[in-house]
Amino acid sequence: MTYSDTTITAAVDNGVDTESLIGARTAFEQMPEAAQFTFRSTCDWVTGTQNRNTLNGYFGLGQEHTRKETFTIAADHPEVFHAADTAPTPPEIVLAALASCLTGGLAAVAQHRGIQLRSARAVVEGDVDVRGILGMDADIRNGFSAIRVSFEVDADASEDDIRALVAQSQKRSAVFDMLTNPTNVTVSVA
Amino acid sequence: MPSIDTIIIGAGQAGLAMSRCLSDRSVPHVVIERGQVAHSWRTERWEGLRLLTPNWQSRLPGFAYRGPDPDGFMTMPQTIRYFEDYAGLSRVPVQEWTCVQSVTADAVGYRVQTDKGEWTCRNLVLATGACNIAHVPDCAAGVPDDIVQLTPQKYRAPGQLPKGGVLVVGASATGVQLASEIRAAGHEVTLAAGQHIRMPRHYRGRDIQWWMDRAGILDMTTAQVDDITRARNLPSLQLIGSAAQRFVDLNALQDAGVEITGRLATIRDGKAVFSGALANHCALSDLKMNRLLAEIDDWADAADMTGLPAPERFAPTRHATLPRLGLPLSEGRIRSIIWATGFRPDFSWLHMPVFDRKGRLAHDNGHVAPGLYVLGLPFLRHRNSALIDGVGRDAQALADHLVASRHRHAA
């Protein structure tokens, strides 16, 4: 059975440097400790439910890295929750992170399989019963009860090939894994 | 201390095939077997199991099925008899009831320490198979004490299970067959399904194995796949050795009343926690099946086969919109758990630096070290290396290499 990925063809350019990624795989096989990364974000309270994350440094390839630019991600809550609505809610940022992770993965897998993307859009929805976070019913969870992602992909490929891209991007996605499998989370006070 | 040119460890299909190949090449050898010929087939299989390959597809060097039902599937007693006949016909020099305790290298070859004494040899063939240890995930430690836990090696029949619900973990060939027979015996069954590959038993009028054999799919070599580690770790096809059961897939199991959940992620606070990725695992399985069927259709077109039924595509795998994410194990609903979570070979007695970082035996197409060979592992040299039908070809090639290297030694 040819379950293997098709080889790279020259004409395809999704803006992904697959060759370097394959090179990294080879390097990590020799030196698995270099593959240990730690990412971080620092979140400062502003006022009310408003707060702001700054993201720059991370650890990887055996050393600390500093980026050329510091990124910020702000969060808040909408007016129906009597908040200022200056930024998306944290759960929406999670949905955005999932969509970004799957879409980035889609482009990388497509590049590796020699499929030229023309356009790709993911629409993501999450259902939440807010009685959970309001502590009104112990049987209702705080988080999303269901998340749905719908992809619209225009590419030089058959419908099954596109479905396979979308499936593979889920299989290799960090955020998809974090949302579908439990993760140990430790919160402490410094 | 007895010394012999070549020792083969294990008298299953791989060891018997290698012995036959060495006899054909006049290489003195002995086969060391912990029990009797086909020991694992006698002692580590459930009662209802039949081979997943048709009778015609158990071809071994100098031996093939000659009975009245080439398209049937052997029961375990028939399989054992088949290997006994092969061993007898090939006059395999088996030393039974001899357990290998340790293998080390010395200046000229290998020392094999057994419970019946030590042997030395120039060449050594590891033919102990790929399924010595039933893998059980670490989270099994969290299972409450009053729940019966079994691996497929210890499971014999549904009658062995306590009354009540059964959680089957794993949806490859073993998991789906056990879920099916345990459900048919009247138990409430929940099946946790991660990666799996759905496949029809027969397609366009022929057994699926007939297609894979004729279309050359089983002949694919290690050089023809771009990720051999992945190819070696693919789950087994969801098949059962019965022409009457075309599918033993998640749809068939759901029709029979089995509840399907995502992969078992962990057991926490007495509760089984399942992954929320079932939909994608079902999609991947359908895609893989359809890719194989398309490959078969292309081959049939090119081969100009006439009178074939038209190509078929099957309804996608169904799954609940919101499959269960948790299952309490302490409330009495689940009384037993079957760990159908894969098998590992056991080379713990092989005291040589021949393992990779993950503890797997490192080999190149069955070559482990000079004079040291392995047989019968998944995709060892070809896609069908771990099938009864595939091990003979590998044995021929390694026997040829062994003979050629012997002549070099002599010169």
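**Figure 1. Contact between chains B and A.** In this predicted model, 21 residues of chain B are in contact with 17 residues of chain A. On the side of chain B that touches chain A, the elements giving two or more residues are β16 and α8 of chain B. Helix α8(B) supplies the largest share of that side, eight residues. By residue class, the side of chain B that touches chain A divides into eleven nonpolar, five polar and five charged residues.

**Figure 2. Helix α8 of chain B, residues 278-302.** This helix has 25 residues. From the first C-alpha to the last, α8(B) reaches 36 Å, close to the 36 Å expected at 1.5 Å a residue. B:Asp304 follows α8(B) and has a positive phi, near 60°.

**Figure 3. The open sheet β16-β17-β18 of chain B.** Three strands make up this sheet, and their pairing is antiparallel. Strands β16 (264-268) and β18 (326-328) of chain B stand at the edges with a single partner strand each, so one side of each has no neighbour in the sheet. From one strand to the next, the twist averages 20°.

**Figure 4. Pairing of β16 with β17 in chain B.** Strand β17(B) covers residues 271-274 and is joined to β16(B) by four bridges. The two strands run antiparallel. Within this pair, B:Leu264 stands opposite B:Phe274 of β17(B). Strands of a sheet pair through backbone hydrogen bonds, either parallel or antiparallel.

**Figure 5. Fold elements of chain A.** Chain A contains four helices and seven strands. Read from the N terminus, the order of its elements is α-β-β-β-β-β-α-β-β-α-α. Along the principal axes, the C-alpha atoms of chain A fill a box of roughly 55 × 40 × 30 Å.

**Figure 6. Crossing of helices α2 and α3 in chain A.** Helix α2(A) comprises residues 90-112 and helix α3(A) residues 159-171. Their axes come within 8 Å and cross at roughly 120°, which makes α2(A) oblique to α3(A). The crossing is right-handed. On the α2(A) side, A:Leu102, A:Gly105, A:Leu106, A:Val109 and A:Ala110 meet residues of α3(A). Their counterparts in α3(A) are A:Leu165, A:Val166, A:Gln168, A:Ser169 and A:Gln170. The residues of this contact divide into six nonpolar, four polar and no charged.

Notes
Residues numbered from 1 in each chain as written. Chains lettered and ligands numbered in written order. Predicted model: local features only at pLDDT ≥ 70, side-chain atom pairs only at ≥ 80, totals over all residues. Expected span 1.5 Å × (residues − 1). Pairing = 2+ DSSP bridges. Axes fitted to C-alpha atoms, helices over the stretch in contact; angles between N-to-C directions. Parallel < 35°, antiparallel > 145°, perpendicular 65-115°, else oblique. Left-handed = near helix turned anticlockwise from the far one by under 90°. Contact = placed C-beta atoms within 7 Å. Nonpolar A, V, L, I, M, F, W, Y, C, P; charged D, E, K, R; others polar.
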